[in-house]
Amino acid sequence: MITLLMLAPVGLPVLGALAYLLFGWRPATAWIAAGAAAGELAAAIGLAAVVDLSGPQIAVGGLARVDALSVFMLLVIGTVGLLATAASPSYLAAEIRAGRASMRTAARHSLLVQAFLAAMASAVLAADLGGLWIAIEATTIVTAFLVGQRRTRAAVEAAWKYVVICSTGIALALLGALLLNYAAQHTPVRPGLNLVGLIAAAHTLDPAVTKIAVAMLVIGFGTKAGLAPLHAWLPDAHSQAPAPVSALMSGVLLSVAFYAILRVKLVADAVLGAGFARALLLVMALASLALAASLLIAQRDYKRMLAYSSIEHLALIATGAAVGGPLAMAAVLLHMLGHGLAKGVLFLGAGQLSQTDGTSRIAQIRAVAARQPVLAGCLGFGVLALIGLPPFSIFASELGIARAGFAAGLGWFTAIALSLTAVAGAVLVIHVSRMLLGTPAEGPGAATASPRLPAAAGAVLLAGLTLSAALGVTAGPLTGLLHSAAVIAVGTP
Amino acid sequence: MSETTYVQLLYLACGGLLLTSVLMLWRRELAVLIRVFAVQGFALAVIAGLAALHHGGIELGAVAVGILVLRVGILPWLLRRAVAAVGPASRETRPLVNVAASLLVAAVLTLLAYAVSRPLVELAPAAATSAIPIGVAVVLIGFFVLITRRRAPSQLVGFLLMDNGITAVGLLTTAGVALTVELGVALDVLLAVLVLQILTGRMRETFGDTDVAELRELHD
C-alpha cells in the first residue's frame with residue numbers, strides 16, 4: 001500500500017506520458033495531463049496522512065524515502081503542477097490556432113511536461129544524493145526541448161544556454177557528491193550517499209573534504225535554483241519557454257533544486273556546524289538579490305521581469321534557509337508554496353496576455369484592464385500576492401523570514417535583503433500597473449473584438465489566487481505538516 | 001600484476017589524461033579535438049580497468065567496459081556527427097583567449113588543483129588518491145575551455161572534458177559508488193550530449209552557423 005502510494009507521484013505522470021506517446025494530443029487526451037497531476041496531488045495528500053501517523057517511510061528497496069519535508073515538496077509539485085496542466089489545453093489550442101504549434105508539437109509538449117513532473121517527484125522521493133542528482137539532471141534534459149519548443153532564434157539560444165549552464169552547474173554538484181561519497185567511505189559505517197546515513201555518520205566524516213564537497217554541491221544545485229553566480233540561464237529560459245512550462249519551471253523546479261540544497265545543508269550543518277553553509281548561502285542570496293533588483297528596474301520584457309522576480313524570491317528563500325531555526329524553515333517552506341502559486345498564476349496570465357497581444361514588451365501593452373478585465377484582475381492581484389501584501393501567503397512567509405533573521409542576530413543581512421526585496425516589489429508594481437491601467441488606444445484597428453479569457457484558464461488563475469490568499473490567512477490542515485517538515489529541515493543541532 | 005607495475009601504469013594513464021587536456025587547449029581543429037578526446041576516454045578506461053584489477057571488483061570491471069564504449073565509441077561518434085553537420089569550416093577560429101595564454105592558464109589551473117585538493121589526498125594517502133589533483137585539474141581546464149570557446153561543438157568538447165575530469169576523480173577516490181548511480185550518471189551525460197547535439201543542429205538551421213557569439217538575441 002505504502003509502496004503504491006510512493007510510486008504513484010512518479011508512476012502517474014509516466015503513464016500520462018505514455019498515453020500522449022500512444023494517442024497524441026487531441027481534445028479527448030488534452031485533459032490526461034491535468035488528471036495525472038491531480039493524481040499526483042492526491043497521492044501526496046495520502047502520503048502526508050501516512051507520514052503524519054507513522055513517520056518516515058522507505059520503499060522500493062531503499063531507493064525511495066518519504067518524510068514530512070519530501071511530502072511537503074510533493075504537495076508543492078502537485079498543486080502547481082495541477083494549475084499549470086489545467087491551463088495547458090486552452091494554451092495549446094490557442095497556439096495551434098495561431099499556427100505557432102501543430103498537433104505533434106502539442107503532443108510532444110504534453111509528453112515532456114509529464115516526464116518533467118515525474119522527474120521532479122522522483123527528486124524529492126530519492127533516498128540518496130545520487131538518485132537526487134540523477135533526477136535533477138533529468139529535469140534539465142526534459143525541459144531543454146520545452147524551452148526550445150518554438151524553434152525561433154531566441155528560443156534555440158535560450159535552450160542552448162540553459163543546457164550548457166545547468167549541465168555545468170550540475171556537473172559541479174556531481175563532483176561534490178563524489179567527494180562526499182569519498183569522505184563517507186572513510187568512516188566506520190560507510191553510509192554511501194544515503195541522506196539519513198550521512199547525517200547519522202556526520203561526526204566521523206572528514207571536515208576538510210566535506211567542506212569542499214558541500215561548496216560544490218551548494219553552488220551546483222544553486223545553479224538549478226537560479227542563484228548567483230551561475231544564474232544567467234534563468235531569465236532566457238523562463239521567458240522563452242511556453243507559459244505552462246515557465247509556470248512549472250519557475251514555480252516548482254527552482255524550489256525542488258533548493259530542496260536539494262536543504263538536504264545538503266543538513267549534512268553540512270551536522271559535520272561543520274551551521275556557520276559554513278550559512279555563510280555560503282548568505283553570500284549567494286545577497287548577490288542574487290542585488291542582481292535581480294538592479295536588473296528589474298530597467299526591464300522591458302514582462303516575462304523576463306517575472307523571471308528576475310523568481311531569482312529574487314529564491315534568494316529570499318536562501319536567506320531564510322541560511323538563518324535556520326524552526327520559524328525560518330517553516331517560513332521558507334511556506335514561501336516555496338506561496339511563490340509557486342503566485343508565480344504560476346502570473347506566468348500563466350502572462351502567457352495568455354502574450355497570446356492575445358502578440359508581444360512581451362512592457363511598453364507595447366496598455367490598458368489591459370479595459371480590454372480584458374478578468375485577466376487584468378488576476379495579473380494585478382497576482383503581483384500583489386507576489387510582492388507580499390496581506391492576505392496572501394507570501395506576506396506571512398516574508399514576515400517569518402524577517403522575524404527569524406532579526407532574532408538570529410543576522411539583523412544587517414536581513415535588513416539588506418528586505419530592502420532589496422522592497423525595491424524589487426516597487427518596480428514590479430510600477431511595471432505592471434503601466435501595463436494594466438490607462439485608456440485603450442483610439443483609432444482604426446484598436447476596437448477589434450476584445451479577446452476573452454478561456455473559462456478553464458480563468459478558473460485556474462482564480463483558484464491559484466484564492467489558494468494563495470487562504471494560505472495567508474491560515475495554514476489550516478497544512479499546519480501540522482509544515483511544522484514537522486520545518487523540524488526536519490532544521491536538523492538536529 | 002605487481003604493486004609497482006600498477007602504480008606506474010596508473011600514473012601513466014593519469015599523465016595521459018592531463019596531457020590530452022592540454023592538447024585540447026593547443027589544437028583548434030574540431031576533428032583533431034575529437035580524436036584527442038577519444039584518446040582521453042581510453043586513458044580513463046585504463047584507470048578504471050586498473051582499479052578493477054587492483055581492488056578485484058567485478059562492478060568496476062563493468063564500469064571500465066562502459067567507459068570504453070561510451071567515451072571511446074559513442075561520444076566521439078556523436079561529436080563527429082555534430083561537426084559533420086557544421087560543415088567544412090569546423091575550426092575554432094576566434095577563441096576568446098589565444099593559445100599561449102591558454103597554456104599558461106592551464107599551468108596555473110593545475111597548480112590551483114593541487115592546492116585545493118590537498119585535503120582529498122590527506123584523507124587516505126595511496127597511489128590512486130595522490131592522483132586526484134589531476135582529475136580536478138582536468139575539471140578546471142574543461143571549465144576554462146567551456147567559457148573561452150565560441151563555437152557550439154567546441155563548447156561541447158569543454159563540457160565533456162569537465163565530465164571526464166569528474167569521472168576520473170570518481171574513479172580515483174573509489175571503492176564504490178553504487179553501480180545504479182554510476183549507470184544513471186552515464187545515461188544522463190549521454191542524454192545531455194544528445195540534447196546539445198540536437199540543439200547544435202537547430203542552431204545551424206536558425207542562425208546559419210554555430211558561433212555562440214551570434215547568440216545575441218537575449219540580453220539585458
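Guide: Let's start with one residue. Ala158(A) is buried, because 27 other C-beta atoms lie within 10 Å, and 20 or more is the cut-off for buried. Keep in mind that this is a predicted model.

Visitor: Which helix is Ala158(A) found in?
Guide: Ala158(A) is in helix α6 of chain A, residues 153-185.

Visitor: And what does Ala158(A) touch?
Guide: Leaving out residues up to four places away in sequence, Ala158(A) touches Val147(A), Asp236(A), Ala237(A) and Gln240(A), plus Leu218(B) from chain B.

Visitor: How far apart in space are Ala158(A) and Ala144(A)?
Guide: They are 9.0 Å apart, C-alpha to C-alpha. In sequence, 14 residues separate them.

Visitor: New topic. What about α10 of chain A, how far does it reach?
Guide: α10(A) runs over residues 243-272, 30 residues in total. From first C-alpha to last it reaches 42 Å, close to the 44 Å expected.

Visitor: Where does α10(A) bend?
Guide: At Met249(A), by about 35 degrees. Then, just after the helix, Gly273(A) takes a positive phi of about 80 degrees.

Visitor: Why call α10(A) largely enclosed?
Guide: Because 29 of its 30 residues are buried, α10(A) is largely enclosed by the rest of the structure.

Visitor: What does Gly81(A) touch?
Guide: Not counting residues up to four places away in sequence, Gly81(A) touches Ala37(A), Glu40(A), Leu117(A), Leu248(A) and Val252(A). Take Ala37(A): Gly81(A) is 44 residues from Ala37(A) in sequence, but their C-alpha atoms are 5.8 Å apart in space.

Visitor: Zoom out. How many helices and strands does chain A have?
Guide: Chain A has 19 helices and two strands. Its radius of gyration is 21 Å, close to the 23 Å that the globule rule gives for 493 residues, so chain A is as compact as a globular protein of that length. Along the principal axes, its C-alpha atoms fill a box of roughly 80 × 55 × 45 Å.

Visitor: How much of chain A counts as buried?
Guide: Of its 493 residues, 63%. As for contacts in chain A with a separation of 6 or more, 81% are between residues 24 or more positions apart.

Visitor: What does UniProt list as a domain on chain A?
Guide: The unreviewed UniProt entry has "domain: NADH:quinone oxidoreductase/Mrp antiporter transmembrane" over residues 126-420 of chain A. In the model, that span is 80% helix and 0% strand, and its end C-alpha atoms lie 35 Å apart.

Visitor: And chain B, how many helices and strands there?
Guide: Chain B has eight helices and zero strands. Of its 220 residues, 46% are buried. Among chain B contacts between residues at least 6 apart in sequence, 73% join residues at least 24 apart.

Visitor: Which residues of chain B does UniProt list under "transmembrane region"?
Guide: The unreviewed UniProt entry lists residues 6-26, 33-54, 60-79, 99-117, 123-147, 159-177 and 183-200 of chain B. Take residues 6-26: the span is 100% helix, with its end C-alpha atoms 30 Å apart. Residues 99-117 are 95% helix, and their end C-alpha atoms lie 27 Å apart.

How values were computed
Residues are numbered from 1 along each chain as its sequence is written. Chains are lettered from A and ligands numbered from 1 in the order in which they are written. This is a predicted model: local features need pLDDT of at least 70, side-chain atom pairs count only at pLDDT 80 or more; totals for chains, interfaces and linings use all residues. Helices (H or I, at least four residues) and strands (E, at least two) are DSSP runs, numbered from the N terminus. A residue is buried if 20 or more other C-beta atoms lie within 10 Å of its own, exposed if 12 or fewer, and partly exposed in between; C-beta atoms are placed from the backbone. Two residues are in contact if their C-beta atoms, placed from the backbone, lie within 7 Å. UniProt positions are given in the numbering used here, feature names are shortened, and annotations may be inferred rather than shown by experiment. The expected span of a helix is 1.5 Å times one less than its number of residues. The bend at a residue is the angle between axes fitted to the seven residues ending there and the seven starting there. The radius of gyration is taken over C-alpha atoms; the globule rule is 2.2 Å times the number of residues to the power 0.38.
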